[in-house]
Amino acid sequence: MFDAVLFDCDGVLVDSEPITNGVLREVLNESGWALTQAECMDIFIGKAVRDERARIEAETGKPFTEEWLQGFYARRNVRLLAELKAVQGAVEAVTAIHRQVAGRIACASGADRPKVVMQLDLVGMLPLFGERVFSGHDQPRSKPAPDVYLAAAAHLGVDPARCLVVEDTATGAQAGLAAGATVWGYCPEGHGRAFEGLPVARVFGHMDELRELFAAPLAR
């Protein structure tokens, strides 16, 4: 049996990626980098915007400043507050798993912690995680480095090898694998191409499936 479960946030617990990347595309376009929505998603999903500083500066021809970043965060948060929804079935899956592992769950995200906390609160999941919310921004390295997952496992007092990581991107899966955890990949499109070449243990397409798989004897 897994001793703890570590969840990514964006795209796993909350359906935030289209909102966040839509705003990011807008502000990048305004700064001089013409991107389609698909291109923006491909470049930035699973990554911290600040980690792409050099590319943003190269493409826009402008310095990447804290003022610019905070302006993006503010616009992003307005949209999230108005539009964010939980991933279908995520609340029920997290509630069930929280019960099965006696509360040993954590959220380990590459996003800034205030955003993660706000999002979990908006969809009613924050009480399930409490203070067990970790951001790659607060670690020496963000995903695909394992730091945020190692920090979450250490906080729970669990060997990373006894942890299940639930991720939806190759970047996040690489982080979980580098931490020594078992990784299950969430792929609502059902094809699993995001995880090609990575030794994820399972790929599933709906959070109801996660709940059922975790409860099954095979997950123990």
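A residue is called buried when its relative accessible area is under 20%, exposed when it is over 50%, and partly exposed in between, as found with a 1.4 Å probe on protein chains only. By that rule M125, at 0% relative accessibility, counts as buried. The model described here is a predicted one, in which local features need pLDDT of at least 70 and side-chain atom pairs count only at pLDDT 80 or more, while totals for chains, interfaces and linings use all residues. Residues are numbered from 1 along each chain as its sequence is written, and side-chain values use heavy atoms, with hydrogens and water left out. Helices (H or I, at least four residues) and strands (E, at least two) are DSSP runs, numbered from the N terminus.

- Two strands are said to pair if DSSP finds at least two bridges between them, and β1 and β2 pair in the parallel sense over 3 bridges, with V5 standing opposite I105 in β2.
- The strands β2 and β3 also run parallel and are joined by 3 bridges, and here S109 stands opposite S135 in β3.

**Helix α10 and its buried side**

- In helix α10, which spans residues 207-215, the residues M207, L210, L213 and F214 are buried.
- These residues cover an arc of only 115° around the axis, which puts them on the same side of α10; the arc is that of the directions from the helix axis to the C-beta atoms.
- The buried residues of α10 pack against β1 (4-7), α5, β4 (163-167), β5 (182-186) and β6 (202-204), where contact means heavy atoms within 4.5 Å.

- M125 has its place in the loop between α6 (113-122) and α7 (126-129), and, not counting residues up to four places away in sequence, M125 touches L13, A86, A90, V91, V94 and L120.
- The C-alpha atoms of M125 and A90 are separated by 9.1 Å, although these two residues are 35 residues apart along the chain.
- N21 has its place in helix α1 (residues 17-30), and with a relative accessible area of 3% N21 is buried.
- Residues up to four places away in sequence are not counted when N21 is said to touch Q37, C40, M41, F44 and I45.
- R55, in helix α3 (residues 53-60), is partly exposed, with a relative accessible area of 38%.
- Leaving aside its neighbours within four places in sequence, R55 is in contact with W33 and I43, and the C-alpha atoms of R55 and G32, which are 23 residues apart along the chain, are separated by 13 Å.

**Backbone details in two loops**

- K143 and P144 are joined by a cis peptide bond, with omega about 20°, and P144 is found in the loop between β3 (133-135) and α8 (147-156).
- A102 is exposed, with a relative accessible area of 61%.

**Open and enclosed spaces**

- On a 1 Å grid over the protein atoms alone, a cavity is a set of points where a 1.4 Å probe fits but cannot get out, a pocket is an open set with protein on both sides within 12 Å along at least five of seven lines, and lining residues have an atom within 4 Å of a point.
- Grid points are joined across faces, edges and corners, and a volume is the space filled by probe spheres set on the points.
- The largest pocket has a volume of about 390 Å³, and of the 18 residues that line it, G11, D168, Y186, P188 and E189 lie nearest its centre.
- The lining of the largest pocket divides into 10 nonpolar, 4 polar and 4 charged residues, where Ala, Val, Leu, Ile, Met, Phe, Trp, Tyr, Cys and Pro count as nonpolar, Asp, Glu, Lys and Arg as charged, and the others, Gly among them, as polar.
- The structure holds 1 cavity of 30 Å³ or more, and about 310 Å³ of space lies in the largest cavity.
- The largest cavity is lined by 25 residues, of which D10, G46, K47, A111 and K115 lie nearest its centre, and the elements that give two or more residues to this lining are α1 and α4 (66-83).
- Helix α1 gives the largest share of the lining of the largest cavity, 4 residues, and the lining as a whole divides into 7 nonpolar, 8 polar and 10 charged residues.
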